[in-house]
Each structure stands twice: as C-alpha cells, then as structure tokens.
Amino acid sequence: MSGKQARRLFLLCWWAYFSTYLGRLNYSAALTEIIVSEGFDKGQAGIIGTGFFFAYGAGQFVNGFLGDRISVKKMVFSGLFFSGLCNLLMAAGNGIGFMTAVWCVNGLVQSMIWSPMLRLVSENCQDENRQKVCAALNSSVPAGTMAAYGITAVMLMYAGWRQVFLMAGVYLLSVSFVWLCGMRGVEKEPLRPAEKRFREQKTKGRKEPDTVKLFACLLVVLFMQGALKDGVTVWVPVYIRETYGVSAVLAIAGTIIIPLCNLSGVFFASKAGSGKGMDEVKASGVFFVVCTAALAVLWGISGTGMAVSFGMLALSTTTMMAVNTLLIVTLPSWFGAVGRTSSVSGLLNSAVYAGGALSTYGIGWLAETAGWKSTILVWACMAAASVVLCGAAAGKWRACRQNLLETKEELKVDGNV
C-alpha cells in the first residue's frame, strides 16, 4: 500500500471510530437531563448504560475473533449503520425496559468496529511505524468523547435530550455509507493470513511464554481501567452537579475539559511504552500510580474546590486513557506476527467494557447509598490494586513480546507482518 493510500485508510478509520462516540456517549452526556426529565433515579439510569457496556464487552469478545477472519469493510459498515438505527429508536423511546434493550443492541453492533479496524490498520502499516500509527488511531477516543459532550451540551440548551439521539442517528447512517464508499480499493485481505503462516512455519524447541497467567492479570487490570475511565466519565456530570450545585448544562460543558486532557494520554502512552527500560505493561503500572495519587487528592478535597476536583478527575482519566492505548492498542499490535491482532484486542477490550458496565451501575448505586466521598475512595483502592497486578504481569509480557519478535524474524514475512 502506498503512503497516500495508508494515510487515506488511517483518516477514514479515525473518522469512523470518532463518529461512534457521538452515538455512544450521547447517553452519558445527556444523563443528567434524562434523570430530571424522565424521573429516573440514578440506579435506574445506570442500568441503561450498564446494558450498553455489557453488550459491547460481550460483542468485543466475539467480534474480535471474527475480525481476524472476515471482511473488515462489511463489519464496520454494519456497526455504523445499525448504531444509527438504534440512536433513532432511542429518540422515540420511553421507559427503562425499552431504552435498555435498544442501548444493548447499540453496544452489540458498535462492538463490530474497533478490533477489526485495528487489524486493518496494523496490517497495512509499515513495520517500524505500526505501534505509533495504532496509538494515533486511539486519539479518536478522547476526541470523540469531547465532541459528544460538547455537542450534547449545546443541543440541550436549545432542544431536548431526544433531539440529541435523533442527530446522532442521522449522522451515523450517513457515516456508514461514507465508509463503504471510501473503502473501495483500500481494504486489503492477505492472500495467506499470518496465522496460517505461523502454524506452517512455527519453530520447534522454543519454550512458549506463559500467556495464560499474563492474560489473566491483564484482564483484571483492564477491568479496573474500564471502571476508572468509562464508568467514572459517565458519572462526572452528575457528581459535579450534585456536589457543587451547578446546572446540568454547565456540568456537561465543564466535563469537556476531561476528554480534552485525555488526548494527551495517547501522547504520553506512545512515549512511555517506547522509553528505555519500559514496555506496555510497566508503563501502565506507572500510570496507575499517578491515577491512585490523583484520586487520593480528589477524595481529600471533594466538595471544597470544583476546579481542583475537575483537575484530579482529568488527571486520573488521562492516565487511564494512556493505559487503554498501551494495553488495548499497542500491545495487541505485536500479535500481528501471528495474525491475531483483532482477536487479542477484542479479548482485552471485553474486560474494559465489563468494568465499565459494572461501574456504570455500581457507581450510581454506591453514590446513592454511601455518598460520593466513599465512591471516590473505592476508585483509589482499585487503582492501587492495579499497580500490583501490573507488577505481576510485567515479566510475563516481556517473555511473550520477545517470543513474538523472534517469531516475526523466523517467518521472514515482508512489512505486512
């Protein structure tokens, strides 16, 4: 693939994934308004968001494996198109049951996008740029988050929360057809998948690294990360509104600061993961240390300083954005040598969204019953536990990465692996 085609592919993928956040986080961004206008309590409202995250996580597990085997173009189109339809149904929906069902379907169809897309970008990048390009693709996450909260805040000033979903539905339907047209002549399917080559040429006699224990540690770490990024982000506007007494629109607008800061998490991740003596797992442990400290400060000053609270929330979620980039994007890209980029990304991402699912409901329930101070303390303890788990996984990942490097050399495949 020429440099021009590669740039076109990257921009198309970045825009498509950025767009999914307008039809995903619009519920989180409009949550305070939905609670007020529909009369839901925090636990009921959390069920809808929890349904999305559970469905998305389960879908990631399945679609990650499918993404290494079937057309990426068709999977991404289907995800965008049906997500658009789900948003239109939300605009017309009433009641917890109906809205939860629709938002669960939205989670399932949106899970068809990320892991296959990561495989597509990974397989069409030059080897020396693969990790950097894949990390850059993840910048669409905070950019999409910022856009979702910003657009929602503006629309709620002039219209109701239903118009937020109506706009997102029409937009995603349009993007799905732009994707289909843009992918003409771009998608490249390897003639002989890397996984098949790996099985044919696999070297005998080398001790395989203990990937079972490695992935067990990483899945728990990413469960925590999902809770501390996605779950916390969902409830930030509600926390700010209830703790500092500001309006729903102001709380949502102020929350835009957080994803704006999160953009730097992608940059920090790309630098930390390639630093001397560092790798994806070690760097993640360092970011969890910073997150623990930020949440401890937030616990101490909560209710006394809105600006500092925003700052600590921004810092903690930025570190979680860095961990997400390291473990969901750059780490799976190493498995391109054996044709499993999408599978590994889907497996790990399923843990992230399981954490986001449980925390979306759990944070609402805990804040309702024990208050925000106790909730923040639980967040800090989760971050501290993740530091220990990253330490346990570091040696196992070092052995696994070395094995993948050796495999890539033995296969002697050109720059597509």
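Helix α8 spans residues 130-137, and its buried residues are R130, C134, A135 and L137. Around the helix axis these residues cover an arc of only 155°, which means that they sit on the same side of α8. An α-helix has 3.6 residues a turn, so residues three or four places apart point the same way. The model discussed here is a predicted one.

The next topic is charge pairing. Side chains of opposite charge can pair when their charged atoms come close. With a cut-off of 4 Å between a side-chain nitrogen of Lys or Arg and a carboxyl oxygen of Asp or Glu, the count comes to two salt bridges.

One of the two salt bridges joins the side chains of E38 and R162, with an N to O distance of 3.8 Å. E38 belongs to helix α3 (residues 31-38) and R162 to helix α10 (residues 161-182), so the pair ties together parts that are 124 residues apart in sequence. E38 is partly exposed, at 28% relative accessibility. R162 is also partly exposed, with a relative accessible area of 22%.

The side chains of R401 and E280 form a salt bridge as well, at 3.2 Å from N to O. Here R401 lies in helix α18 (residues 372-411) and E280 in helix α15 (residues 280-301), so this contact ties together parts that are 121 residues apart in sequence. E280 has 3% relative accessibility and therefore counts as buried, the limit for that class being under 20%.

Notes:
Residues numbered from 1 in each chain as written. Predicted model: local features only at pLDDT ≥ 70, side-chain atom pairs only at ≥ 80, totals over all residues. Heavy atoms only, no water. Buried < 20%, exposed > 50% of the residue type's maximum accessible area, 1.4 Å probe, protein only. Helix = DSSP H or I, 4+ residues; strand = E, 2+ residues; numbered from the N terminus. Arc of directions from axis to C-beta.
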